[in-house]
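Please read it alongside the sequence and coordinates.

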Amino acid sequence: MVSCSSGPQLPPGDPDNGGLVLPGGFDAVVVVDSLKGRTRHMAVNDNGDIYVKLRFPQEEGGNMALRDNDGDGKADELQVFGDYKNDGSYGAAMRIYNGYLYYGSQLAVYRQKLVPGKLVPDTEIETILVDDHEHGSHEHIAKVVSFDDKGNMYVPFGTPSNACMPVKRTPNMPGMDPCPQLEDHGGVWKFDANKKNQTQKDGAKFATGLRSIVAMDWNTEDNNLYVVMHGRDDLLRLWAQKYSPWESAMLPAEEFLRVTEGTNAGWPYCYYDQIKGQKVLAPEYGGDGDSIGRCADFVDPLMGFPGHWAPNDLFFYTGDQFPEHYKNGAFIAFHGSTNRAPYPQAGYFIGFVPFTNGQPSGDWEVFADGFAGVDPVVNVSDAMYRPMGIAMGPDGSLYFSDTEKGKIWRVMYKGDKGGFGTEQLVKMEERKNASNIRTPDKIEDNLEKGVKVAGEKTYLTYCGSCHQNNGKGASGRFPPLAGAPWVVGDKSLLISIVLNGMEGSIMVNGEEYNNVMPQHSFLSDEEVAGVLTYIRQSFGNTASEVSVEDVEKIRRSL
């Protein structure tokens, strides 16, 4: 990449900004339209070279390096590198620290020394941290990294469950109290950034009560760690007598937290209700949506975003290219929801929170929208792009990555910095009216208005939040149902999976999925037969029905 830090020589933007909607004065150019292996997090070197953590590692390696040799803003040299163990599609980290490129798989953090002038580092791949727990991969497994100014590396260990139930995601089941998972999960640990072959016991627990962290950054203005936490799921599916579909879509908040040593954010006992502006007891611990109880003892977030937006990167802007409004503020990539049914899926944009002296100085804003490409997003697979990574170039440009096509944008400011203000921000405020951002109307935005047949109703209540209303699932997380052998094949296998659940990896259409399938033995034989018949005769499937007698037979044998 050609650095523009010595002057305003920025490359031209694309006529349509690559599909993005940005504040006035900003342009975007598509650096690369689609990367094989797609993208997760990114880092940009001092010379403008871009390093990308691939979502699906290739035979040659799990990372991609990109360089623009002619200064037009578009990558024309691309090389795969990083031959390390591939343990799934949730690898995330890609950061540059003290001349080293740090990147992660699901179960490890690696680094390579960058070599001046070389696009691809040919130095030794050093293993810095290994997740050596016997359980291996699980939900919320991403190993992102941040660094302070004292040689410390911060890494979250996400929770292996949604709400610390003895049997995962089982309706009306109390949570374990105290939650044993908090001993070595559900928090952020601090490590020596330069020590090789560490395991969790080599680090120190820095903060706890944090369910799932993918968005994390060190704020150099106030020298503190910040995270945006993924809130828990399934309030309706697990506690239908306590929560409405609308409440389950909106709650709980994705929490924006300043994390200091000893912080306890309250998971699994509590969640933050951004509508009420307070932490309340989780239903697994006796909560009813209003009770506070022990939650008064836990730290509140700086801000709560609507539920399920999926914050997947956080970046504090330190450049000088953008208007002063953005200096030291927080950019957040909202990857987009999968489980907001029966309401439209939401998120799928880049948000911004202004900061002054280390404190939020205003409400959250929409900085970049248009990723989804459709309105409304009914199923996650309908979205054209889902923003994931944020990185800054040496000239202050910002780069955004997408997980669905492997697209990368470079966003630049070319307007009058002194004239930037209310007019441009009001225009972006209007984007909050789009269905992927606005608060849904309880009646008009309900996509499932009308009476459903029994099997479909059960599907939408218990299955659609993961496998989606159209049965296409969510790439990398929940497998599709159309034509899958385990769906349209042996009925007894399918019934057993529903009644017993399933953990571990499964290959569907050449893609690996390792999210847990919770057991649904609480459903009646009639409900199981109805929903499986619906699945086997929908989404293009034409398999035979499942009878109540089929389910009774399998249940007796278990």
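1. The C164–C179 disulfide. The model is a predicted one. The torsion about the S-S bond of C164 and C179 is about 95 degrees, so this disulfide is right-handed. Both C164 and C179 belong to the loop between β11 (152-157) and β12 (187-192), and the pair therefore ties together parts 15 residues apart in sequence. The two sulfur atoms are placed 2.1 Å apart. C164 is buried, with a relative accessible area of 0%, and C179 is also classed as buried, at 6% relative accessibility.

2. Backbone at C164. One of these two cysteines deserves a separate remark. C164 is not a glycine, yet its phi is positive, at about 60 degrees. The residue is placed in the loop between β11 and β12.

3. The C270–C295 disulfide. The sulfur atoms of C270 and C295 are 2.1 Å apart and form a disulfide. Here the torsion about the S-S bond is about -95 degrees, so the disulfide is left-handed. This pair links distant parts of the chain, 25 residues apart: C270 is in strand β18 (residues 270-273), and C295 is in the loop between β19 (278-281) and β20 (303-305). C270 counts as buried at 5% relative accessibility, as does C295 at 3%.

4. Disulfide pattern and two further cysteines. The structure holds two disulfides. With bonded cysteines counted along the chain, the pattern is 1-2, 3-4. C463 is buried, at 16% relative accessibility, whereas C466 is partly exposed, at 25%.

5. Is D49 buried or exposed? With 1% relative accessibility, D49 counts as buried. The residue lies in the loop between β2 (39-44) and β3 (50-58). Its side chain makes a polar contact of 2.7 Å with the side chain of R67, and another, of 3.0 Å, with that of N47.

6. Packing of α7 against α8. Helix α7 (residues 491-500) packs on helix α8 (residues 525-536) at an angle of about 125 degrees, and the axes are 11 Å apart. That angle makes α7 oblique to α8. The crossing of the two helices is right-handed. On the α7 side, K491, L494, I495, V498 and L499 take part, and they meet V528, L532 and R536 of α8. As a general point, an α-helix has 3.6 residues a turn, so residues three or four places apart point the same way.

7. Which residues of helix α4 (residues 454-462) are buried? They are G455, E456, T458, Y459, L460 and Y462. The elements that cover these buried residues include α1 (235-238), α5 (464-467) and α8.

8. G455 and its partners. G455 is a residue of helix α4 and counts as buried, at 9% relative accessibility. Neighbours within four places in sequence aside, G455 is in contact with G530, V531 and Y534. The C-alpha atom of G455 is separated by 7.4 Å from that of L532, although the two residues are 77 residues apart along the chain.

9. Cis peptide bonds. The peptide bond from L251 to P252 is cis, with omega near -10 degrees. P252 is in the loop between α2 (245-250) and β16 (254-259). D375 and P376 are likewise joined by a cis peptide bond, with omega at about 5 degrees. P376 is in the loop between β26 (365-368) and β27 (387-392).

10. Positive phi at H140. H140, which is not a glycine, has a positive phi of about 65 degrees. Its location is the loop between β9 (126-130) and β10 (146-147). At 17% relative accessibility, H140 counts as buried, the threshold for that class being under 20%.

How values were computed: Residues numbered from 1 in each chain as written. Predicted model: local features only at pLDDT ≥ 70, side-chain atom pairs only at ≥ 80, totals over all residues. Heavy atoms only, no water. Disulfide = S-S within 2.5 Å. Helix = DSSP H or I, 4+ residues; strand = E, 2+ residues; numbered from the N terminus. Buried < 20%, exposed > 50% of the residue type's maximum accessible area, 1.4 Å probe, protein only. Polar contact = N/O pair within 3.5 Å; in protein donor to acceptor, adjacent residues only side chain to side chain. Axes fitted to C-alpha atoms, helices over the stretch in contact; angles between N-to-C directions. Parallel < 35°, antiparallel > 145°, perpendicular 65-115°, else oblique. Left-handed = near helix turned anticlockwise from the far one by under 90°. Contact = heavy atoms within 4.5 Å.
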